[in-house]
Amino acid sequence: MSGRCEDVRGSLAGYLGDELPTAQLEAVREHLHDCAACRGEAGAYLQARKALQRAAMDALEEPFDDDELHERILARVALEQAREDAQPRWAQRLMVGAAAVLLASFGFWLAGRPPAMSIWDRPPTQPSGPEHVVGSPLQALPYVGPPVDLRPVGLDDGIGGSAANGFGPGMLGRGQRSELRDLVNEDLVLPQPAEQPQPAEQQQQR
Amino acid sequence: MQQPSPFSPSAARVRAEAGSKDAWSGLPNRLPSGVRELARDTALSDAELVRRSLAGQHDPFAALVARYQRRAFWIAYHVVGRVEDARDVSQEAFARLYRSLARFDYSRSFYTWFYRIVMNLAIDHLRKHRSARASSLDDLLVALEDPRGDEAAAPLERQEENAQVWQVLEKLDAKFRAVLVLRDIHGLSCREIAPILKITHATARWRLHRGRQMFRSHWERAYGDDE
């Protein structure tokens with residue numbers, strides 16, 4: 001048996017079932033035309049398959065009561081339906097029972113628990129941490145300057161992007177950085193801390 | 001000019017050999033008129049019948065049963081090999097269908113989903129109780145009581161051959177048997193078989209190939225020895 005015969009025999013089942021790609025189908029057909037041994041092999045496959053199909057078709061002719069099967073199936077489904085209808089009531093009872101048990105055990109737990117201490121009854125606690133230590137460098141200093149409008153730079157100050165320069169608002173190009181620097185140097189005056197009135201002066205004013 | 005090969009697998013011949021899909025379908029005779037109309041209405045899809053059944057109507061589900069009961073029975077029969085077992089499997093398949101109707105995916109075909117239910121039940125059944133069709137006393141009695149008489153009854157040789165076929169089929173593993181039944185008897189393509197058995201197309205083709213090889217070798221051994 002040649003290598004070609006082996007290949008063809010490997011794909012005979014697919015060939016007879018018309019399940020091969022067209023090119024392969026043609027190749028097998030051509031080989032079968034020339035090779036008697038492979039034709040015999042194909043014949044054996046066909047016979048086995050025909051026997052299977054014949055047996056199936058013969059079974060189809062056996063007496064078979066469709067109506068009886070229909071009734072049996074519907075009766076079985078009705079049983080299923082009845083079970084399904086009964087199930088929610090059963091499940092509902094189970095859930096009510098479980099909820100009652102849970103409630104009762106929660107009540108018992110509450111009754112057996114020691115009385116809770118109110119937050120007002122507790123002793124005051126001292127604040128801890130470096131920000132609470134007097135003289136610490138981390139101590140927060142109050143801001144004494146004028147109110148500052150916090151907005152993203154360039155949003156509406158003429159700084160940053162525009163349709164003309166292709167940048168979005170708040171985006172600074174290389175040239176615009178120096179523009180911002182000039183603006184800061186010229187216009188931005190750091191607020192001076194306001195003088196705190198002396199207690200003696202306050203008393204005199206009164 | 002090249003002569004057509006006697007083994008040419010023309011589509012028409014394949015369809016004629018593999019029992020056409022219609023051979024395994026059909027409606028029962030005694031159906032209530034409402035159910036019959038729904039079942040026969042080709043414009044009414046299976047998905048629409050499912051939708052109406054879920055809305056609480058009884059007739060659409062009965063129409064689904066009428067449409068598919070014969071196919072369910074025959075697929076089950078060809079896998080489990082016994083009439084009574086096939087009836088049980090088809091009943092159980094419809095009960096399971098009813099239970100899981102709400103989970104039907106409308107974007108997929110109904111028959112693929114339903115065939116999967118039938119096939120799973122049939123394969124489970126087969127694995128639990130190995131079929132004994134050929135030696136079944138019940139089937140022998142059915143054959144003896146055939147009301148068609150001797151004229152219509154198949155010749156003895158044919159009956160013996162059929163019994164051999166079922167015995168050979170029984171020797172195959174359920175996964176090969178399932179593909180063989182769906183392809184060579186029910187005429188489904190491997191593309192249709194793959195989603196039913198939840199396998200890839202390549203696996204379906206491979207199982208078919210192996211199934212046919214095994215069937216043929218068992219068949220030759222059994223039938224050759226007999227002759």
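## A tour of chains A and B

Start at B:S53. Leaving aside residues up to four places away in sequence, B:S53 touches B:P60, B:F61, B:L64 and B:L101. Here two residues are in contact if their C-beta atoms, placed from the backbone, lie within 7 Å.

This is a predicted model: local features need pLDDT of at least 70, side-chain atom pairs count only at pLDDT 80 or more, and totals for chains, interfaces and linings use all residues. Residues are numbered from 1 along each chain as its sequence is written, while chains are lettered from A and ligands numbered from 1 in the order in which they are written.

**Stop 1: around B:S53**

Stay on B:S53. The residue sits in helix α3 (residues 46–54) of chain B. Helices (H or I, at least four residues) and strands (E, at least two) are DSSP runs, numbered from the N terminus. Is B:S53 buried or exposed? B:S53 has 21 other C-beta atoms within 10 Å, so it is buried. The cut-offs: a residue is buried if 20 or more other C-beta atoms lie within 10 Å of its own, exposed if 12 or fewer, and partly exposed in between, with C-beta atoms placed from the backbone. B:S53 and B:A102 are 49 residues apart along the chain, and their C-alpha atoms are separated by 9.5 Å.

**Stop 2: chain B as a whole**

Select chain B. There are twelve helices and zero strands. Chain B has 227 residues, and 41% of them are buried. Take the contacts in chain B with a separation of 6 or more: residues 24 or more positions apart account for 69% of them.

**Stop 3: the nonpolar core**

Select B:V65, B:I75, B:A76, B:V79, B:V118 and B:A122. These residues have the most contacts inside the largest nonpolar core, which has 79 residues. Such a core is a set of buried Ala, Val, Leu, Ile, Met, Phe, Trp, Tyr and Cys residues joined through C-beta atoms within 7 Å. Which helix gives the largest share of this core? Helix α4 (residues 59–80) of chain B does, with 15 residues.

Centre on B:V118. Beyond residues up to four places away in sequence, B:V118 touches B:A72, B:I75, B:A76, B:V89, B:S90 and B:A93.

**Stop 4: α4 against α5 in chain B**

Show α4(B) with α5(B). They pack at an angle of about 140°, with their axes 8 Å apart. Axes are lines fitted to C-alpha atoms, for helices over the stretch in contact, and angles run from 0 to 180 degrees between N-to-C directions. α4(B) and α5(B) are therefore oblique to each other. Angles under 35 degrees count as roughly parallel, over 145 as roughly antiparallel, 65 to 115 as roughly perpendicular and the rest as oblique.

Zoom in on the contact. The α4(B) side includes B:F61, B:V65 and B:Q69, and the α5(B) side includes B:V83, B:D85 and B:A86. By class, the contact has 13 nonpolar, two polar and two charged residues. Ala, Val, Leu, Ile, Met, Phe, Trp, Tyr, Cys and Pro count as nonpolar, Asp, Glu, Lys and Arg as charged, and the others, Gly among them, as polar.

**Stop 5: α5 against α6 in chain B**

Move on to helix α5 (residues 83–99) and helix α6 (residues 110–128) of chain B. Their packing angle is about 135°, with axes 9 Å apart. α5(B) and α6(B) are therefore oblique to each other. From α5(B), B:V89, B:A93 and B:L97 are among the residues in this contact, and from α6(B), B:F114, B:V118 and B:H125 are among them. The contact of α5(B) with α6(B) has eight nonpolar, two polar and three charged residues.

**Stop 6: the end of α11 in chain B**

Select helix α11 (residues 190–197) of chain B. Its buried residues are B:C190, B:I193, B:A194 and B:I196. Step to B:K198, in the loop between α11 and α12 (201–226) of chain B. Phi of B:K198 is positive, near 55°, in a residue other than glycine. Most residues other than glycine have a negative phi. B:K198 is exposed, with 10 other C-beta atoms within 10 Å.

**Stop 7**

Select chain A. Its secondary structure comes to seven helices and zero strands. Of its 206 residues, 15% count as buried.

Finish where the chains meet. The contact takes 38 residues from chain A and 49 residues from chain B. Which helix gives the most to the side of chain A that touches chain B? α4(A) does, with 16 residues. That side of chain A divides into 21 nonpolar, five polar and twelve charged residues.
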